[in-house]
Amino acid sequence: MSLQIDIRKHFPSFDLGVALEADSEVLGLLGASGCGKSLTMRCIAGIETPDEGRIVVNDCVFFDSEAKINLKPQERKTALLFQNYMLFPNLTVEENVAAGIGRSVPEADRRRIVEEELQRFDISTFAERYPAQLSGGQQQRVALARMLAARPGILMLDEPFSALDAHLKGVLEQSMVSLFEAYEGTILYVSHDIDEALRFCDRIAVMESGHIMEVQDGRALMDRPTSLAGIKLSGVKNALEVEKVDEHTVYCPHWGVDLATEEAVPDNVKAFGVRAFYIQQAAAPGTNVYRMRVDRTSDSRFDRTALLQFLDRREDADPAVGAAEQEMRFLHQHLYWRINLLGADRDALPKVGDELLISVPPEAIYLVTR
């Protein structure tokens, strides 16, 4: 294995506990802000020190709490790309790219390596410029070139597109592809964007509250997530806790309805999910067909999202709550339905106040136990 990590670190309000193995691949760390993704990479780089555990990269022990091993960051031969790129403002592009190359490398080899990376990322024409004279996209390409020039044992990228607009992000994705094709080893890629993770990562590790919830290839995560965190992070809007009723039925307290499932219901079922674009309008009553009212709609470029209220839900007395809690309860009690706007009859689209029969296909329901 190129990377083996099994670490724990305690904070007053947060505990990190990560166990992962990776080969020569792009492994995504996917999770919400504050879940421990960046902290994990900082522990590998030596910027943070775990309380206990072990980190091994390419058979080199970076950290071992039992053996009292804790290499300094400069001894670890890692490359960590932060969101702001952290270029040296007083060095030219060429000098920035050369900065990570070890002093033991002969001068002729240093020049050859720098020229290779300048050409790879198409930045040779502004080799003599300083970072302040570059656009954000050009700065990112310089940072990527510097990473490869250093010949690190592991590459780590911390949300490298978070500060870029959509157009520039699309252009610079090709630079990232060049990086991944040129590097042989483990690449850790932190993101909270499922589409970004699917484009770049061979496997995706879903993180929540400092822990790895599941590790799958991207297609498997989309087709069959195995945790509630995986369901939510894979883009499922309808993801809620449920209780088992029988072998093929669950009860959703937030919606106040029973749901039939094609998949057998585990005894320890925790939650379910159904993607908003699997929801269908029905012509007649049937299995998982509900009377619903459209309470909200919103349009994006290609979709209309409708929030639907269950008209025949079981009503339980709700305690008094504040405004923020009331809004969250409102969202949880509604089903998200996504309708493709391309080629749609605008007059037939759902509008606020419409009452409809809506079907939740049993075969489209995910069930998870954690």
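This is a predicted model: local features need pLDDT of at least 70, side-chain atom pairs count only at pLDDT 80 or more; totals for chains, interfaces and linings use all residues.
Partly exposed, as used here, means a relative accessible area between the buried limit (under 20%) and the exposed limit (over 50%).

**Salt bridges**
- The count comes to 20 salt bridges.
- R42 pairs with E48, at 3.9 Å from N to O, and E48 is partly exposed too, at 24%.
- R112 and D109 also form a salt bridge, again with an N to O distance of 3.9 Å.
- Those two sit three residues apart in helix α3, so about one helical turn separates them.
- R112 is partly exposed at 41%, and D109 is partly exposed at 31%.
- D258 and R314 make a salt bridge whose closest N and O atoms are 3.1 Å apart.
- D258 belongs to strand β15 and R314 to the loop between β19 and α9, so this pair ties together parts 56 residues apart in sequence.
- Shared partners link D109, R112, E116, E117, R120 and R151 into one salt-bridge network.

**Helices α3 and α4**
- The axes of α3 (residues 107-120) and α4 (residues 136-149) come within 9 Å and cross at roughly 140°.
- On the α3 side, I113, E117 and R120 meet A145, L148 and A149 of α4.
- By class, that contact has four nonpolar, no polar and two charged residues.

**The five-stranded sheet**
- Five strands make an open, antiparallel sheet, ordered β17-β21-β18-β19-β20.
- β17 (280-281) and β20 (334-340) are the edge strands, each pairing on one side only.
- β19 (residues 303-310) pairs with β20 over seven bridges, and D303 has N340 in β20 as its bridge partner.

Technical notes: Residues are numbered from 1 along each chain as its sequence is written. Side-chain values use heavy atoms; hydrogens and water are left out. Axes are lines fitted to C-alpha atoms, for helices over the stretch in contact, and angles run from 0 to 180 degrees between N-to-C directions. Helices (H or I, at least four residues) and strands (E, at least two) are DSSP runs, numbered from the N terminus. Contact means heavy atoms within 4.5 Å. Ala, Val, Leu, Ile, Met, Phe, Trp, Tyr, Cys and Pro count as nonpolar, Asp, Glu, Lys and Arg as charged, and the others, Gly among them, as polar. Two strands pair if DSSP finds at least two bridges between them. A salt bridge is a side-chain nitrogen of Lys or Arg within 4 Å of a carboxyl oxygen of Asp or Glu. Buried means under 20% relative accessible area, exposed over 50%, partly exposed in between (1.4 Å probe, protein chains only).
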